[in-house]
Amino acid sequence: MNLELLEAFHQNYPEAADGYLERIKKDDGSKDAGCATYAITLQFNRVGSLLAIGCNDGRIEIWDHVTRRISKVLVAHAHPVCSLSWSRDSRKLLSASTDNTVSIWNVLSSACEQTFQFPCPVMKVQFNARKPDQLLVCPMRHAPVVISVPSGAPTIIQPEDENDLSIVASYDRRGRYIYTGNSKGKVCIYETKDFQLISSFKSTSAANAALNR
């Protein structure tokens, strides 16, 4: 038997939350003054030392996980932030918003290095773990797009069926493949080298039931 696998289930995990983050409150004199904004999305960096939180008012809060305090606030978007992604070295942060924009932020300087405009809201963004100059963008009601930085040249991930666009896409952990999924349960796998489809399969109810056990 696999002893390492068995030992993983004997580790001590907390049975209750060991703390919480005290969210900052608005003080801009608006009707929402004094009310804390709420989080839409959050993402730890690779080593778990920093936590980025995308808020409903378009701000991004960067928290130090050790001190449980805010280390930086980015006034990022005009509408809610719906997706975040850290670069592998944690020096850059990628953000997407329902204001149809995707931005790359320098975490140390708080500067916006580049912004890309899309014709529709963007639901998810992701850095390629091995190629920091390659971004995966999932616009609403549109095929996933890979953006090359800094040129901004887009490459559309062509769906196997043009009438059924993917609703989600993600890199694998090594950045070698892109996985896409559509509303009919079909998963497609593309290589990031030439963005060619190499495999596809349909998720079945039996497989889903087995995974949920």
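Colleague: Where in this predicted model is the place of Arg176?

Modeller: Arg176 sits in the loop between strand 13 (166-171) and strand 14 (177-182).

Colleague: What makes Arg46, Arg88, Arg130, Arg173, Arg174 and Arg176 a patch of positive charge?

Modeller: Arg counts as positive, and a patch takes residues with over 30% relative accessible area and no salt bridge, like charges being joined within 9 Å. Arg46, Arg88, Arg130, Arg173, Arg174 and Arg176 gather in such a patch on the surface, so each of them meets those terms.

Colleague: How much space lies in the largest pocket, and why is it called a pocket and not a cavity?

Modeller: The space is about 290 Å³. A cavity is a set of points from which the probe cannot get out, whereas a pocket is an open set, so the name says that this one is open.

Colleague: Which residues line the largest pocket nearest its centre?

Modeller: Of the 17 lining residues, those are Gln43, Ser85, Trp86, Phe127 and Ala129. Strand 1 (39-44), strand 5 (81-86) and strand 9 (122-127) each give the lining at least two residues.

Colleague: What is the omega of the peptide bond that joins Val149 and Pro150?

Modeller: Omega is about 5°, and the bond is cis. Pro150 belongs to the loop between strand 11 (145-148) and strand 12 (154-156).

Colleague: What is the phi of Ser90?

Modeller: Ser90 has a positive phi of about 65°, although it is not a glycine. Ser90 is found in the loop between strand 5 and strand 6 (92-97).

How values were computed: Residues are numbered from 1 along each chain as its sequence is written. This is a predicted model: local features need pLDDT of at least 70, side-chain atom pairs count only at pLDDT 80 or more; totals for chains, interfaces and linings use all residues. Side-chain values use heavy atoms; hydrogens and water are left out. Patches are made of residues with over 30% relative accessible area and no salt bridge: like charges are joined within 9 Å, nonpolar side chains (Val, Leu, Ile, Met, Phe, Trp, Tyr) within 5 Å. Accessible areas come from the Shrake-Rupley method with a 1.4 Å probe; for residues, only the protein chains shown count as cover. A salt bridge is a side-chain nitrogen of Lys or Arg within 4 Å of a carboxyl oxygen of Asp or Glu. The place of a charge is taken as NZ of Lys, CZ of Arg, CG of Asp or CD of Glu. Helices (H or I, at least four residues) and strands (E, at least two) are DSSP runs, numbered from the N terminus. On a 1 Å grid over the protein atoms alone, a cavity is a set of points where a 1.4 Å probe fits but cannot get out, and a pocket is an open set with protein on both sides within 12 Å along at least five of seven lines; lining residues have an atom within 4 Å of a point. Grid points are joined across faces, edges and corners, and a volume is the space filled by probe spheres set on the points.
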